[in-house]
Amino acid sequence: METRDLILRNWQDSDAKALYEMCLDETLRKSGIDFYNSITDSRNTIQCWKNDKGFKVIADKRNDNFIGFIIRKKASGKHCQAALQ
């Protein structure tokens with residue numbers, strides 16, 4: 001799926017640093033995304049999400065850079081946290 005400026009794409013290992021940095025946002029952490037303590041945690045989560053069609057990256061179409069992510073289904077914290085165990 002894409003627009004003029006954005007694309008939804010699958011996760012890549014190179015998204016780990018950007019995911020970690022995004023998840024350091026205080027408001028996001030208060031919403032329940034508080035289990036990322038390192039880039040390694042992000043890498044482990046990405047490995048889980050790579051196999052799940054419901055988790056997609058929102059990327060800049062010009063350079064494929066990570067902007068954010070979308071969950072296209074109801075997700076539980078347990079599913080996300082399972083990647084960290």
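Me: Which residue in β2 is the bridge partner of isoleucine 7?

Reply: Alanine 59 is the bridge partner of isoleucine 7 in β2. This is a predicted model, in which local features need pLDDT of at least 70 and side-chain atom pairs count only at pLDDT 80 or more, while totals for chains, interfaces and linings use all residues. Residues are numbered from 1 along each chain as its sequence is written, and side-chain values use heavy atoms, with hydrogens and water left out.

Me: How many bridges join β1 to β2?

Reply: There are 4 bridges between β1 and β2, and the two strands run antiparallel. Two strands pair if DSSP finds at least two bridges between them. Strands are DSSP runs of E with at least two residues, helices are runs of H or I with at least four residues, and both are numbered from the N terminus.

Me: And what joins β2 to β3?

Reply: Strand β2 (residues 55-60) is joined to β3 by 5 bridges, again with the strands antiparallel. Valine 57 stands opposite phenylalanine 69 in β3, and lysine 56 has isoleucine 70 in β3 as its bridge partner.

Me: What is the order of the strands in the sheet?

Reply: The order is β1-β2-β3, in an open sheet of 3 strands with antiparallel pairing. β1 (6-9) and β3 (66-71) are the edge strands, each pairing on one side only. From one strand to the next the twist averages 30°; axes are lines fitted to C-alpha atoms, for helices over the stretch in contact, and angles run from 0 to 180 degrees between N-to-C directions.

Me: Is β2 mostly covered or mostly open?

Reply: Mostly covered, as 5 of the 6 residues of β2 are buried. Buried means under 20% relative accessible area, exposed means over 50%, and partly exposed lies in between (1.4 Å probe, protein chains only).

Me: Where is asparagine 44?

Reply: Asparagine 44 is in helix α3 (residues 39-50). Its relative accessible area is 33%, so asparagine 44 is partly exposed. The C-alpha atoms of asparagine 44 and alanine 16 are 8.7 Å apart, and the two residues are 28 residues apart along the chain.

Me: How do the elements run from the N terminus on?

Reply: They run β-α-α-α-β-β-α, with 4 helices and 3 strands in the protein chain.

Me: What share of the chain is buried?

Reply: Of the 85 residues, 32% count as buried. The protein chain exposes about 5600 Å², of which carbon and sulfur atoms supply 49%; accessible areas come from the Shrake-Rupley method with a 1.4 Å probe, and for residues only the protein chains shown count as cover.
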